[in-house]
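Subject: Structure handover

Hello,

Here is the structure we talked about. My notes follow it.

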Amino acid sequence: MLDTQTRDIIKATVPALEAHGTTITKTFYRNMFNDHPELLNIFNKTNQARGQQPTALATTVLAAAKHIDNLEAILDHVIQIGHKHRALEIHAEHYPIVGKHLLGAIKEVLGDAATPEILDAWAKAYAVIADAFIGVEQQMYDNAAWQGFQAFTVVEKRQVGQDVVEFTVQNADLLANLAITAGQYITVQVQPQNEPNLALRHYSLCAINPQHGLKFAVKRDNQGEFKGLVSNHLHDHVNVGDTVKLSAPAGDFVLRQSDDPVVFISAGVGITPILAMLAEQVKVNPARPVIWLHSTRNAQTQAFKAEVDALLAQANVQFNETVYTQESARIDSAYLNKILPANAQVYLCGSMDFMRTMTAHIKQLDQENITVYFEPFGPKMSLIEV
């Protein structure tokens, strides 16, 4: 429990964090990796280079500062980040390293403004916040389907869309009694060629039946300045008979059962967890009203078309459309206003830009009581407003 003076000091640093938070977190990562290069085996270098991870951490620190009087208010964020940490095998012993370099970055960026009183207050606050994360994550480790990264054999590799490959992997001992929760992801650990470090990436499970293996889809990422290290490795170098290492399923992007309409909106390879959710909905309650909306560049890039059509044929579909952005206007708030009913649960998945756009559009809707759950392909906290 933090004393009143400490909490007051933390709250007083909010303007500085709003102004300099990302600079602090970029400095933090730079210094931490310089001192602990072994941690490069855990962290996503592409997200670092794109600035998404520093932004996500800055948002997390800011959220903690704003809610320092009631840290339970950010419990959902702690749980979401905790799933990522458990999947990446981040443990209690890593938190002192993070704390040391976070305080050091605050001092380096703020200079004399980071007084001994401020640094002492943040040291106390960090200890409380770290304990919260460690406690949540320990429960996740205790409940995980298996511990650490375990070997799975690739039993099938098939093209399901342009530059999208579905891998099916098997480990009979680990999957014998596994119950898959639609929307969750596994984490793949590989050693790409000519890379000094291991590389880890999260991939959503795209099927709910583990009897024939875990299925996840990988889109080759070659857009823009940053190339997908793991996606290209999996596409080019991992084939049937090869072994990959996975950590157990994780994530809080899960389907909530209700009789209210459920709206599935995805873009590109964001269809993967949404496909599993549709399968679960059909299995559990096929009478529930379903609105299906998918966005992709063209028919060639549309992944899992046959699987989607087969599942929708078993569902209570109120609306079904695939938008080809090469031929049609992109989805906007006016479009969503026409198709989204009141009291709907909306599940979104796609790129970071797609998430920003869709959540902004949904905020403009006239309908009441719409609840949105989303999973971006990148650090979720970089999209959160606190």
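Buried means under 20% relative accessible area, exposed over 50%, and partly exposed in between, with a 1.4 Å probe and protein chains only. Helices (H or I, at least four residues) and strands (E, at least two) are DSSP runs, numbered from the N terminus.

This is a predicted model: local features need pLDDT of at least 70, side-chain atom pairs count only at pLDDT 80 or more, and totals for chains, interfaces and linings use all residues. Residues are numbered from 1 along each chain as its sequence is written, and side-chain values use heavy atoms, with hydrogens and water left out.

Helix 6

Helix 6 covers residues 95-110, 16 residues in total. From first C-alpha to last it reaches 22 Å, close to the expected 22 Å at 1.5 Å a residue (the expected span is 1.5 Å times one less than the number of residues). Its buried residues are Tyr 95, Ile 97, Gly 99, His 101, Leu 102, Ala 105, Ile 106 and Leu 110. They pack against helix 2 (14-35), helix 4 (52-66), helix 5 (75-88) and helix 7 (116-143). Contact means heavy atoms within 4.5 Å. Just after helix 6, Gly 111 takes a positive phi of about 60 degrees.

Helix 6 against helix 7

The two axes come within 10 Å and cross at roughly 150 degrees. Axes are lines fitted to C-alpha atoms, for helices over the stretch in contact, and angles run from 0 to 180 degrees between N-to-C directions. The crossing angle therefore makes helix 6 roughly antiparallel to helix 7 (over 145 degrees). On the helix 6 side, the residues that meet helix 7 include Val 98, Leu 103 and Lys 107. Their partners in helix 7 include Trp 122, Phe 133 and Glu 137.

Thr 60

Thr 60 sits in helix 4. It counts as buried because its relative accessibility is 16%. Leaving out residues up to four places away in sequence, Thr 60 touches Ile 81, Phe 133 and Met 381.

Most residues other than glycine have a negative phi. Two asparagines to look at:

- Asn 194 has a positive phi of about 65 degrees. It lies in the loop between strand 3 (185-190) and strand 4 (199-204), and counts as exposed at 79% relative accessibility.
- Asn 343 has a positive phi near 60 degrees. Its loop runs between helix 12 (333-339) and strand 10 (345-350). At 37% relative accessible area, Asn 343 is partly exposed.

Best wishes

Key:
Parallel < 35°, antiparallel > 145°, perpendicular 65-115°, else oblique.
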